[in-house]
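Visitor: I've got a few "how do you know that" questions. Could you bring the model up and take me through it?

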Amino acid sequence: METIRILVLAFVQGITEFLPISSSGHLILTPLLFGYELQSLAFDVAVHLGTLAAVVFYFRREIARMLVAVLDSLRTRRFDDPDARLGWMIVLATLPVVVLGLPLKSVLEWLRADDRLVALVIAGTTIGFGLLLWWADWRGRRERDEYRIGWRDALIIGLLQAVAIIPGTSRSGITITAGLLLGFTRQAASRFSFLLAIPTILMAGGLETLELVQTAEPVDWSGLVLGAMVSYLVAYLTIRFFLSFIERISMLPFALYRFLLGGVILGLLYL
C-alpha cells in the first residue's frame, strides 16, 4: 500500500472508531471515494489493534481496578463492589455479540460484494441512526453514571451493539444512543461504550487474524506497523477530546454530520 493511502485509512479508523459516526462505514466509503482498492484483511487487523491499544491505554487504571475487583468477586462471591459490578456488566453486554456476531458477519460480507448496495445501506443507516442519536440525546434524562448500570441495561446495550455490524450504524453511536435512552449521562454512556469496545474489538480482531492466517495472503509489515501506530495515536486523541467536551457540545454535531454524510452519499448515488 502507498504511504498516503495507509495514512488516510489509519486516520479514518482512528477518528471514527470511537466517535458515533461509524468506522466500518467510513472504511468502506473511503476507498470508494478515493478510487482505492478495498484494503486488505491484514490492514484491517492492524488498524483495529491500534485503536484497541488506544482505548486500553486510556482506561488502563479503570481496567486494572475492574480486573482486581472481578477476580475478588469470584473468590468472595460478593458483587457489591462498583468496579466488579461494572466489569461483570461489560461481560454481560458482550454476550450478544458472541452469539449474533458470526450470523451477522455473513450479512456484512454479502453487502460488501455490491458497491452500490453497501453505499445505499450506509446512507440509510447513517441518517436513520443519526436521527435516533439526536432524539436520545434530546429526550434522555442524563442522571446516571456507568457504575449504576443494571443487567437489563447491559443486555439492551449489548443487543444493540450486535446490530452495529451493519455498515453505517456505528458501534459507539448505537451503544451511546442506548445509554442515553436508559438515562445515563453523555459521558457515562460514552465511557461504557468505549470500555465495551475492548472485548468487542479483541474478538473481532481475533476472528480477522484467524482468517488472515488461513488465507496466507502476503503481508506488508512496514505498512501494517505504520497503520497501527497512526490509528493508535489518532484514536487516543479522539477519546480524550470526546470525553472532555461531550457534556458541553451534546450529540447534535455528530447527528448533523451523519445527516450531511448520508445526504452526500445519496446524492452521489442518484445524481
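**Thr175 and the cores**

Guide: Start with Thr175, which touches Ile157, Gln161, Ser193 and Leu196, leaving aside residues up to four places away in sequence; contact means heavy atoms within 4.5 Å. This is a predicted model, where local features need pLDDT of at least 70, side-chain atom pairs count only at pLDDT 80 or more, and totals for chains, interfaces and linings use all residues. Residues are numbered from 1 along each chain as its sequence is written, and side-chain values use heavy atoms, with hydrogens and water left out.

Visitor: Why is Thr175 called buried?

Guide: Buried means under 20% relative accessible area (exposed is over 50%, partly exposed in between, with a 1.4 Å probe and protein chains only). Thr175 has 1%, so it counts as buried.

Visitor: What makes the largest nonpolar core a core, and which residues have the most contacts inside it?

Guide: A nonpolar core is a set of buried Ala, Val, Leu, Ile, Met, Phe, Trp, Tyr and Cys residues joined through side-chain atoms within 4.5 Å. The largest has 41 residues, and Phe192 and Phe242 have the most contacts inside it. A second, separate core of 14 residues includes Ile6 and Val47.

Visitor: How do you know that α3 is largely enclosed by the rest of the structure?

Guide: 13 of its 18 residues are buried, so α3 is largely enclosed.

Key
Helices (H or I, at least four residues) and strands (E, at least two) are DSSP runs, numbered from the N terminus.
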